[in-house]
Amino acid sequence: MSLSSNDIKVGETRESVLVEDLKRTRIVQYAGASGDFNPLHTDERFAVEAAGYPGVFAHGMLSMGMTGRVLTDWVGPESLLRYGVRFKAQVWPGDTLTATVTVDSIDDTPDAPVAHFTLRTVNQNGVEVVTGTAAARLEP
Amino acid sequence: MTGQPIPQPFPVEAGHIMMFARAIGDEHPAYQGQSALAPPTFTMASAHYDPDYHLRPKPDEEWFGSGGGPGVMAEGGGGLHAEQHFEYHRPVRAGETLYAHTVPGRSWEKQGRSGRLLFSERVTEYRDADGEPVVSAVTVAVVPEGPATPKDAR
């Protein structure tokens, strides 16, 4: 069941804490579910000694997947038309992520009203880790 | 998700959706049960069904991660995911099989802080058994030119 166009206004925002103190195990869980076993994300020794990073870091797609919840909890999981992000900074174990979604505009289309959103996920230092846009179909 | 000549079957299974939804921390009831919907980023998990997927260890093949030693950066292994875009033609549901077909998209370069950055797109169309488009996905990867160097501290 999607959201009605009466229930959403341009400029409205929703904020959600996606994860507190991200654990390495959680990154392993995402690797298993997604099938992306890049050792950069799960193999500390590889990440440090072979790849030259300070340690393992989360899949961008884990951050995008978590960020999607702030959207689907609002508009419903069946009504998304588009969802796209840019990965701005890495997400490290121990990070706490907060996502904000804002209604940019609502357009009438021949089928149904469509809401356009901007998304922004920041870490505990306020650094943007994911930014993006999305669109969802609304009930007339 | 390399450019396979024929579309890759991707059976969408309820248990797989459950595991994926748990991994992204989403307990929405729509993602549970035999007729579960898939979360918006779920089609990435089609990697499990790509026989040539390069980010999965395989028996009897050299794996680039650590074992007795730290491992080695594979060619292009310094690459990172820069952007990801999805267009949804309809929701994905447990019990159906999607067919993923990936082709290279645009490629371009940009001057970064420490050298050239090479960007490239992979475009994957997920179609249903009737050939109807379900999800269109664009992955943008970025690879720094030259050998891997120590990365920025966190």
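Start at A:Asp21, which sits in the loop between E1 and H1 of chain A; helices (H or I, at least four residues) and strands (E, at least two) are DSSP runs, numbered from the N terminus. Phi of A:Asp21 is near 50 degrees, a positive value in a residue that isn't glycine. At 38% relative accessibility, A:Asp21 counts as partly exposed; buried is under 20% relative accessible area, exposed is over 50%, and partly exposed is in between (1.4 Å probe, protein chains only).

Some housekeeping before moving on. This is a predicted model, where local features need pLDDT of at least 70 and side-chain atom pairs count only at pLDDT 80 or more, while totals for chains, interfaces and linings use all residues. Residues are numbered from 1 along each chain as its sequence is written, chains are lettered from A and ligands numbered from 1 in the order in which they are written, and side-chain values use heavy atoms, with hydrogens and water left out.

Next, select H1 of chain A, residues 24-34. Its buried residues are A:Arg26, A:Ile27, A:Tyr30, A:Ala31, A:Ala33 and A:Ser34. What covers them? Look for strand E1 (13-19) and helix H3 (60-75) of chain A, along with helix H1 (14-23) of chain B, which are included in the cover. Just past the helix, A:Gly35 has a positive phi of about 90 degrees.

The axes of H1(A) and H3(A) come within 10 Å and cross at roughly 90 degrees; they are lines fitted to C-alpha atoms, for helices over the stretch in contact, with angles running from 0 to 180 degrees between N-to-C directions. The two helices are therefore roughly perpendicular (the label covers 65 to 115 degrees; under 35 is roughly parallel, over 145 roughly antiparallel, the rest oblique). A:Arg26, A:Ile27 and A:Tyr30 of H1(A) meet A:Met61, A:Leu62 and A:Met66 of H3(A), a contact being heavy atoms within 4.5 Å.

Hop over to H1(B). Here B:Ala14, B:His16, B:Ile17, B:Phe20, B:Ala21 and B:Ala23 are buried, and their cover includes H1 and H3 of chain A. After the helix comes B:Gly25, with a positive phi near 75 degrees.

Time for some rings. Rings of Phe, Tyr and Trp (its six-membered ring) pair if their centres lie within 6.5 Å; planes under 30 degrees apart are stacked, over 60 edge-to-face and the rest tilted. By this rule there are twelve aromatic pairs over all chains. One of them, A:Phe46 with B:Phe64, has centres 5.6 Å apart and planes at 70 degrees, so the pair is edge-to-face. A:Phe46 lies in helix H2 (residues 44-50) of chain A and B:Phe64 in the loop between H1 and strand E2 (80-88) of chain B, so this pair joins two chains. Both A:Phe46 and B:Phe64 are buried. For a stacked pair, pick B:Phe86 and B:Tyr88, at 6.0 Å centre to centre with 20 degrees between the planes; both are buried too.

Last stop: B:Asp60, in the loop between H1 and E2 of chain B. B:Asp60 has a positive phi of about 65 degrees although it's not a glycine, and at 85% relative accessibility it counts as exposed. Zoom out to chain B, and you'll find one helix and five strands, in the order β-α-β-β-β-β along the sequence.
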